[in-house]
Every structure is written in structure tokens, then in C-alpha cells.
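The sequence and structure come first.

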Amino acid sequence: MQSLFLQQSHDFPFEKIAAIDLGSNSFHMVVAQVTHGQLRITGEFGEKVQLAAGLVNGHLDDASQQRGLDCLAQFAQVIEDMPPGSVRVVGTNALRVAKNRYDFIGKAMDIMSHPVEIIAGREEARLIYVGVSRTMDHGDAKRLVVDIGGGSTEFIIGKQLEPILTESLHMGCVSFKQRFFDDGVINKSNFQKAVTAARLELLSIQDDYLDETWDVAIGSSGTIKAAFNIVKENNWNKKGITLKTLKQIQKALFAAGHADNIELPGLKPERKSTFAAGIAILTAVFECFDIKQMDFSNGALREGVLYDIMGRYAETDIRERTVNYMLNQYHIDTEQAKLVTNTALSALAQVKEDWNLNSISSEDLLRWAGLLHEVGAGISHSRYHKHGAYIIRESDMPGFSQQEQQALANLILRHRRKFTQSLDYRFTKSDQQDLDRLSILLRLSILLHHDRKEGDMPIFTLKADNKSLHAEFLPEWLNSRPLTLANLQREAESLISDGYTLTFS
């Protein structure tokens with residue numbers, strides 16, 4: 001499994017960045033030059049991998065994994081000299097559902113030295129909207145954005161750069177191809193079954209989206225791009241995809257009778273096998289949402305990831321907004337949270353060299369954990385660390401990958417009571433060691449502020465070595481704080497269970 005901890009700088013340090021989308025149907029990579037805060041695409045690469053087609057009983061088979069790894073080997077040649085943090089690799093639906101996803105990720109990490117992030121469906125939707133909104137300007141008009149992928153379909157309503165509603169449904173052109181067109185045969189019967197299945201999936205979001213309303217409908221990615229190109233190549237409509245043009249595409253599919261026989265100008269040969277399934281989903285979307293016309297956007301997930309890379313080094317980092325939202329949503333005592341956070345970051349600054357915690361990821365995780373460590377306190381005080389971990393693990397947190405959420409939940413779970421508590425989640429040995437050490441620093445900071453005195457910042461020096469930590473306080477400081485002294489003694493005993501030694505004077 002890949003490492004969470006990247007060596008980065010808050011000042012944007014890269015002239016070139018890349019985004020890799022490990023989709024359920026295809027793998028894509030886009031490389032861009034960054035000049036004065038502007039992106040210029042310099043390279044686009046793609047391969048039809050059909051990862052989702054290799055899902056057997058929830059596991060990726062060897063053949064699909066090998067197709068993916070062969071593709072990544074080609075990508076690796078382009079990005080081999082790019083530093084950590086300049087490349088972001090995101091996995092979508094197929095990797096979300098695959099039980100052996102970390103086996104594949106481990107092999108991928110042997111090929112390219114950049115971490116693979118598994119992103120949740122709504123996070124995928126948010127990134128798609130970022131890509132669309134950054135590449136198409138509709139002024140103040142509200143947009144419905146639809147993106148049909150191999151294993152899932154994302155829906156977003158947004159205005160300007162801000163998404164309003166985001167959703168991801170578990171239906172895609174590869175999964176529907178397997179369900180309804182597995183033998184390649186295309187007829188009115190199996191096509192209508194696919195449309196009906198898609199409409200049933202859409203029922204869960206239909207009312208909310210129709211109530212929100214929108215001014216323009218935009219499609220992105222493979223199926224919709226292919227439909228848009230077919231309409232354009234055949235001069236069926238100058239304004240984009242309509243229900244009428246979808247009916248014309250359907251007529252051509254039924255006339256072909258089989259995926260291998262489809263002959264439509266604008267359709268690439270490698271998309272033939274999944275095209276009927278994608279058109280069935282798109283037809284259901286048009287019918288359920290009463291869409292009159294749909295335009296196409298070249299910007300989508302990959303472009304959204306590029307802009308998100310840039311945002312992480314600016315004041316627009318969506319993760320900071322997410323944390324601030326949760327601070328307000330869960331009525332966290334912000335003064336206490338800031339005291340704990342500042343002390344934790346002071347501790348990290350003193351031991352980061354000794355404990356090899358030099359990455360910005362370490363600093364960010366510790367800061368977020370300090371701010372959110374009491375997120376579960378509103379549910380029950382006696383078990384609030386467990387409630388907090390659950391909230392962080394299960395919430396939609398825009399900007400965060402699943403790995404980042406799990407790491408943050410791990411720190412919040414372990415900030416009190418047993419140091420050896422753990423979540424049912426696999427971290428690399430290196431990441432687990434980093435999380436252990438960050439957890440110790442967070443626990444130390446919390447117990448130093450156990451009396452909840454506003455503005456009371458303890459002055460101390462820390463020295464660390466492997467699995468030992470020594471804290472030295474100002475003379476008589478501990479003697480005048482018997483509660484803190486007792487807490488430090490109990491903490492030293494607690495850490496022994498995992499082989500760590502805490503001493504203080």
C-alpha cells in the first residue's frame with residue numbers, strides 16, 4: 001500500500017504537474033505546465049483497461065490487473081522524473097469496490113513512485129465539477145453536470161465554481177454492459193431493461209435534483225463525448241445531444257444488432273463494446289431529468305484533479321474549508337481545539353527531524369486532528385473518541401481521499417484511552433509508524449491542556465529517538481500542576497504497551 005506522507009511545500013513548487021485517473025473503464029493521464037498560476041495541457045494519454053470487467057466476486061482478476069499495470073508502465077515513463085506531490089493518482093469505482101484493491105495498488109507502486117488515492121463517489125463528483133467549471137464559463141447559470149463512467153455515474157448541480165449537490169450512483173457503462181449486453185447482442189428488449197434499471201437507480205436522487213433546478217445541462221467523459229461526437233459528425237443537431245438524437249443513436253444500435261457491427265461516424269472502435277450500455281444510462285438520465293439538450297465539456301475528473309493540486313498550495317484548499325465546516329457543524333470548542341493544535345504543532349516542530357516527520361502531510365494531519373479531536377463530544381463524552389473516529393471515517397469530506405480520512409480517524413480514535421486502539425484499515429508499515437508518532441504528540445498536547453485554561457501555552461522542549469520521547473518543562477511548572485503531572489505518569493504507562501518510552505522532567 002502506498003505512503004500517505006509526501007515531502008511538499010506550501011508555496012507552489014512545481015512547473016509541471018500531472019493527474020492520473022484510474023477509471024473503471026479506462027486509465028487516463030494528463031500533464032500540464034504551470035505558468036503564473038495558469039495551466040497549459042502539454043500531454044494527454046489514455047488506455048482502455050476495463051478494470052471493472054475484471055471484477056469477479058468482488059475481486060480484480062489477474063488479467064484486469066495486468067492490463068492496468070501495463071498501462072501504468074507507459075505512464076511511468078512520462079512522469080518518472082516528476083517530484084512527489086506534483087503527480088496525483090486517483091482511483092474510482094472499480095478500485096472502491098474491489099476487495100483486493102491494495103494488492104493492485106502495491107503492484108502499481110512498484111511501477112511508479114506516486115501514491116494512489118481511492119476517492120469516494122461524491123469526492124469524484126466534486127472533482128469532476130471542478131474540471132468542468134474551470135474549463136467552461138456559464139456566468140451565473142446553474143449547471144447540471146453528468147459524467148457516465150465505467151462503474152459509476154456522477155451528478156452535480158453547481159453555480160460558477162461551487163457545487164451545490166453532488167451524488168454518485170453505482171451504475172456505469174462497463175457494469176451495465178456485463179448485466180445487459182454481455183454477449184454483445186443489442187436489441188430493443190435488453191436495451192429497455194438497461195434503461196429501466198438506470199431509471200430505478202435514479203429514483204433515489206431524482207426529486208432532490210428536480211427541486212434544485214438548473215439552467216444548462218453539461219456532460220463529460222467517454223459515453224457522452226462519444227454521443228456528442230456522433231451527433232456532430234452526422235449533422236443531427238448543432239446544439240448538442242437531445243432526446244431525439246439519442247433515439248437516432250438507438251436506431252443505429254438496433255440496426256447493428258451487435259456491438260461488433262456498430263458503424264457510427266464519431267465512435268471509436270474501442271468504445272463499441274460498452275456504448276449501448278452507456279447510451280441506455282444516458283437515455284434514462286434524459287427521461288428522468290427531462291433534459292432538453294446537453295452540451296459536452298472537455299474538462300472533467302483529470303482536469304479537476306490538476307486544479308485541486310494547485311489549490312492545495314493556495315488559500316483555496318478545499319480540505320481546509322471542510323475542516324472549518326465541521327468545526328461549526330459539530331459545535332466544537334474552537335478555543336480549546338486551537339490550544340491543543342498549536343501545542344501539537346510546536347511539539348512536531350521539535351521532533352520532526354528525530355522522528356522523520358518532515359512532510360507537510362504529517363503537519364496537515366496533526367493540525368486537522370487537533371482541531372477535530374472533539375468532533376464526537378456532542379454524542380457522548382465517555383466514548384467521544386470512538387464517535388469522533390466514526391464521524392470522520394463515514395462523513396463526506398470534500399477534498400479528502402479515503403486514505404486521508406482513515407488516517408485522520410485513526411488519530412482521533414487514539415487521542416485518548418488505549419494507545420493501541422485501531423481501525424479496521426490497512427496502512428503501510430511506514431505510515432503506521434508515522435501515525436503512531438503523530439498520535440503520541442496529539443495525546444501529549446491534549447493532556448497538557450486537560451484543565452482547559454484559555455491562553456495557557458506550556459513551554460517545553462522535546463527530544464525523540466526511535467521509540468522514546470523526553471519532555472522537559474520550565475522549573476517548578478509541573479510541580480504547580482499536579483493534574484498534568486498525574487496525566488503524564490499515566491500516559492507513560494499507557495505508551496509502554498506499544499513499546500514507547502515517555503520521560504519528563
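The sulfur of Cys-71 lies 16 Å from the closest cysteine sulfur, that of Cys-173, which is too far for a bond. The structure is a predicted model, in which local features need pLDDT of at least 70, side-chain atom pairs count only at pLDDT 80 or more, and totals for chains, interfaces and linings use all residues. Residues are numbered from 1 along each chain as its sequence is written, and side-chain values use heavy atoms, with hydrogens and water left out.

**Cysteines**

- The structure contains zero disulfides, a disulfide being a pair of cysteine sulfur atoms within 2.5 Å.
- Cys-288 takes part in no disulfide, and its nearest cysteine sulfur, in Cys-173, is 18 Å away.
- Cys-71 is buried, at 1% relative accessibility (buried means under 20% relative accessible area, exposed over 50%, partly exposed in between, with a 1.4 Å probe and protein chains only).
- Cys-288 also counts as buried, at 4% relative accessibility.

**Positive phi angles**

- Most residues other than glycine have a negative phi.
- Asn-57, which is not a glycine, has a positive phi of about 55°.
- Asn-57 sits in the loop between strand S4 (55-56) and strand S5 (59-60); strands are DSSP runs of E, at least two residues, numbered from the N terminus.
- Asn-57 is exposed, with a relative accessible area of 69%.
- Asn-466, also a residue other than glycine, has a positive phi near 55°.
- The loop between strand S13 (460-465) and strand S14 (468-473) holds Asn-466, which is partly exposed at a relative accessible area of 48%.

Note on methods: Helices (H or I, at least four residues) and strands (E, at least two) are DSSP runs, numbered from the N terminus.
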